[in-house]
Amino acid sequence: MIPTYQECMLPLLRLLKEKGTLSLSECTNILSEKFRLTPHERNELLPSKKQTIIKNRVGWAKFYLDKAGLLEVPSRGNYALTDNGLRFLDDNPSSLTTEDLMSFPAFKNFITNNKEAEKSLTTQSAIQDIPTKTPEEIIDENFKYIIHNLVDEVLGLVLQKDSDFFERLVMDLLVQMGYGDGRVTRRSRDGGIDGIIDEDKLGLEKIYIQAKRWQPGNNVGRSEVESFVGAIDRQRGNKGVFITTSDFTREAYEHTSTHVNLVKINGRKLAELMIQYNIGATIKNIYEIKKIDLDYFDEA
């Protein structure tokens with residue numbers, strides 16, 4: 001199990017006492033060994049996909065220990081123990097938490113001078129509520145919560161529209177995703193091909209679309225998938241996208257074809273793609289998370 005950032009603090013201090021000055025990557029790799037993390041745990045990313053969880057947590061352990069005056073950054077990207085850190089370890093502590101750090105004047109001053117941090121750390125109950133999450137993880141989880149609710153809203157609005165609107169929506173989405181020029185068709189004799197995407201300017205490569213605006217619970221079965229594959233066969237095609245506002249049965253998901261590459265998209269995935277590509281959704285706010293540009297400070 002990946003340790004929390006608080007669980008990384010004391011091992012990080014002990015590591016620096018043992019090894020001397022180390023970089024974040026070196027600390028992360030050695031602590032990963034000490035915590036016996038699996039390859040999957042070592043490579044598991046934050047939801048933002050920008051950094052591994054373990055490296056993020058070691059980094060935030062370093063941040064809080066630095067604010068407490070227990071370690072320092074003697075050179076670019078490197079950490080070392082301070083005299084206060086050595087004295088702290090001389091007492092042979094069995095654990096270290098953010099609550100314990102409140103006993104260090106430097107850390108307490110940092111908290112009291114930071115209103116947002118003070119809200120989270122000045123009470124015993126608040127301290128106990130945040131032992132596992134770093135700020136990036138909290139932001140990522142809240143972002144996922146917003147998207148989850150937005151998916152529900154988008155899907156609900158799609159279900160209120162008629163089939164013609166839904167088919168146009170599907171074509172708009174696929175075109176926005178960069179698959180080429182698209183057009184809605186009405187070919188009932190072709191097993192329900194609702195649209196065609198021309199991947200190239202001459203229309204030599206085509207993607208056939210099936211779009212079913214079905215209510216949740218009314219899942220697409222294997223027979224509908226087989227019928228769509230047959231329709232693509234009759235057009236001598238080899239690519240298809242089956243999109244539904246509901247979902248697919250297990251048998252439908254398991255159905256494969258040797259000659260038609262078929263992608264199945266259920267309602268939630270459809271709504272997620274609409275949000276990602278701004279179809280029926282628009283950007284409200286953009287928050288930039290910045291970090292120190294060490295190259296700038298090294299130019300002098």
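**Sheet and helix packing**

Author: The open sheet here has three strands in the order E1-E3-E2, with antiparallel pairing. Strands of a sheet pair through backbone hydrogen bonds, either parallel or antiparallel. Two strands pair if DSSP finds at least two bridges between them; helices (H or I, at least four residues) and strands (E, at least two) are DSSP runs, numbered from the N terminus. This is a predicted model, in which local features need pLDDT of at least 70, side-chain atom pairs count only at pLDDT 80 or more, and totals for chains, interfaces and linings use all residues. Residues are numbered from 1 along each chain as its sequence is written, and side-chain values use heavy atoms, with hydrogens and water left out.

Reader: Which are the edge strands?

Author: Strand E1 (22-23) and strand E2 (71-75), each of which pairs on one side only. E2 is joined to the antiparallel strand E3 (residues 78-81) by three bridges, and Leu71 has Leu81 of E3 as its bridge partner.

Reader: At what angle do H2 and H4 pack?

Author: Axes are lines fitted to C-alpha atoms, for helices over the stretch in contact, and angles run from 0 to 180 degrees between N-to-C directions. Helix H2 (residues 24-34) packs against helix H4 (residues 53-67) at about 115 degrees, their axes being 9 Å apart. H2 is therefore roughly perpendicular to H4 (65 to 115 degrees). Contact (heavy atoms within 4.5 Å) involves residues including Leu24 and Leu31 of H2 and Ile54 and Val58 of H4.

Reader: Where does H4 lie relative to the strands?

Author: H4 lies across E2 and E3, at about 100 degrees to E2.

Definitions and conventions:
Angles under 35 degrees count as roughly parallel, over 145 as roughly antiparallel, 65 to 115 as roughly perpendicular and the rest as oblique.
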